[in-house]
Amino acid sequence: MMLPHRRHQSWPHSLLSAILQWVIRVPSLYCRIFILLTLWLSLTTTFSQFQIFGARGNMEEREDGLTRRQDLTERHSSLGLPLLNMNRKRREQHAEERSRGENQLHGIYTVPENTAAPARMNNSSTVKEPPLVEPIWKKLPYRIQNVYTDTSTEEEEAPAPIKPHPNGYYVTTLAGNPLMNGGYRDGKGANAHFDTPGGSVGVDKHDGVVYLADSYNQRIRKIRPNGETTTIAGTFYRGAHDGMGTEAAFNYPYSVAVSPDRSIYVSDFGNSAIRRITPNRNVTTVYSEEIARSLEPNDPPDQWLSRAFPIIRHQGGITIDAYGRIYVANSMEDNILRIDDRQFQVDVIGGYGTLTEVLTINTDVKEDLKDGYACESRMARPQGIDVDDDGNVYVADTWNERIRKISRPPPGFLGMSKVSTLAGYGEIDKARDGLALLSTFAGVFDCAYCKQTGKIYIADKWNNRIRCLMPNGKVATVCGTEKGLGDGMGLYSKFNLPSGVTAMNGTIYVTDAVNHCVRKINFVGNE
């Protein structure tokens, strides 16, 4: 007789059935219950431990993966290859370029179309593909010499930190106390308190007195060469009142300039106005958006016709030439104004709305980047401005991250002056020195032309550095390396969001906004 087929059981089932048969053979009922409870508790404890160990292993694996991902991100960031933040298209493009690079490394050359093959090749088939995409500075026909030793970074894909060293520039604090974190008080040196001063200062070339727009205190301050600080105009509340000294009111005054007759002109940002302070401290309004709209309520009927009184709106920097004419960086209108206070004539000399002879070339796009004749040029939120003795205007084109130049126009033809780019690659990036048109900035808020040396000093705000455009067409970092506070030689000094720079008689004055002070840079050595 054949025995029925016995189904194969796994070892857990066999073990469990054997334990149950052994428990049934125990004669006492209480002993059976005790054994079963003990087995149940043992099994549940063992199962819980397995779950804990498994979860702990998953957490450790996840932490190891995150650590490896973070290390990889830091390594790629240091190499200038942010792979983990690329989208899919860029990742594929980079993988393709990397594969081509590896092929070239191992002797498998890729030859572009219409070009001859290299002399030395292996037996692999030649693939006709475009060349590798390389940074523009690597395509130059020559190697670039450093402006200062260990400061030029134009030849590197990932600029290395600048090594501090003496370069002839020495930074001191003229007035203000950064440790007070703002405030208002007259006094000498560190006993004077400012609250987030604005853009460029005005310097009287006769006696070296500095005039500062103390923006958040709504006042205009006077700083003598020994650091003695007094208030000459403005009060604690905001307003647009004219009057004598502290009877006048400002609304976030931003920049100051001193005219040849020693009058003080203020760019009153909040009031969209240009204010004048006479030597006897009488404050009047020279030109404003309110005046422009009251004199010309309606825009011209045709877009090709210009306004007789251009709109000024939330302007930035201000400067004055040797003839007493006022130049304004008209930020929100994306152009540059020239105001003749004596004849009450206002002209647009660069950017949106510049005249040709009669008409103006207006388009729907105001902020843009375009060089050429002034009548067709475009700018984007220009914030800083300066002028030389020849009538050439230098502009800190903030949103374009460039330094622009408006050449002196022919007599009677404002729109025929040439607008060109002097420095800046147009990307917000770490401070890259070297060739001017390849240099990078992060917040070009002001510029100053030094008449003694022909250099242009630049307030690179978000990089916390003072940069210099040399006459030889190169950009160098002369002061500052990181955010902070510190006087000293050149790159040993530190700034905290410098927003204004002024050059007068070979001395550079810096408005150190978040340090709430005015810094002074003197050149004491050879470059």
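L39 is partly exposed, with a relative accessible area of 33%. This residue belongs to a predicted model of a protein chain with 527 residues, 46% of them buried.

**The surface around L39**

- L39 is located in helix α2.
- Together with L16, L20 and L36, L39 forms a nonpolar patch on the surface. The accessible area of these four residues comes to about 330 Å² together.
- Two elements, α1 (11-24) and α2 (29-78), each give two or more residues to the nonpolar patch.

**The chain as a whole**

- The secondary structure consists of four helices and 29 strands.
- About 28400 Å² of the protein chain is accessible surface, and carbon and sulfur atoms account for 54% of that area.
- Taking contacts between residues at least 6 apart in sequence, 47% join residues that are at least 24 apart.

**Salt bridges: D214 and R221**

- The count of salt bridges in the model is 20.
- One of them pairs D214 with R221, and their closest N and O atoms are 2.6 Å apart.
- D214 has a relative accessible area of 0% and is therefore buried. R221 is buried as well, also with a relative accessible area of 0%.
- D214 and R221 are also part of a network of salt bridges that includes D186.

**Salt bridges between distant parts of the chain**

- D334 and R381 form a salt bridge in which the closest N and O atoms lie 3.0 Å apart.
- D433 and R467 meet through their side chains in a salt bridge, at 2.9 Å from N to O. They are 34 residues apart, and this pair too links distant parts of the chain.
- D433 lies in the loop between β20 (418-423) and β21 (434-435), whereas R467 lies in strand β24 (residues 465-469). Both D433 and R467 are buried.

Terms used:
Residues numbered from 1 in each chain as written. Predicted model: local features only at pLDDT ≥ 70, side-chain atom pairs only at ≥ 80, totals over all residues. Heavy atoms only, no water. Patch = residues over 30% accessible without salt bridge, like charges linked within 9 Å, V, L, I, M, F, W, Y side chains within 5 Å. Areas by Shrake-Rupley, 256 points an atom, 1.4 Å probe, with all protein chains shown as cover. Buried < 20%, exposed > 50% of the residue type's maximum accessible area, 1.4 Å probe, protein only. Contact = heavy atoms within 4.5 Å.
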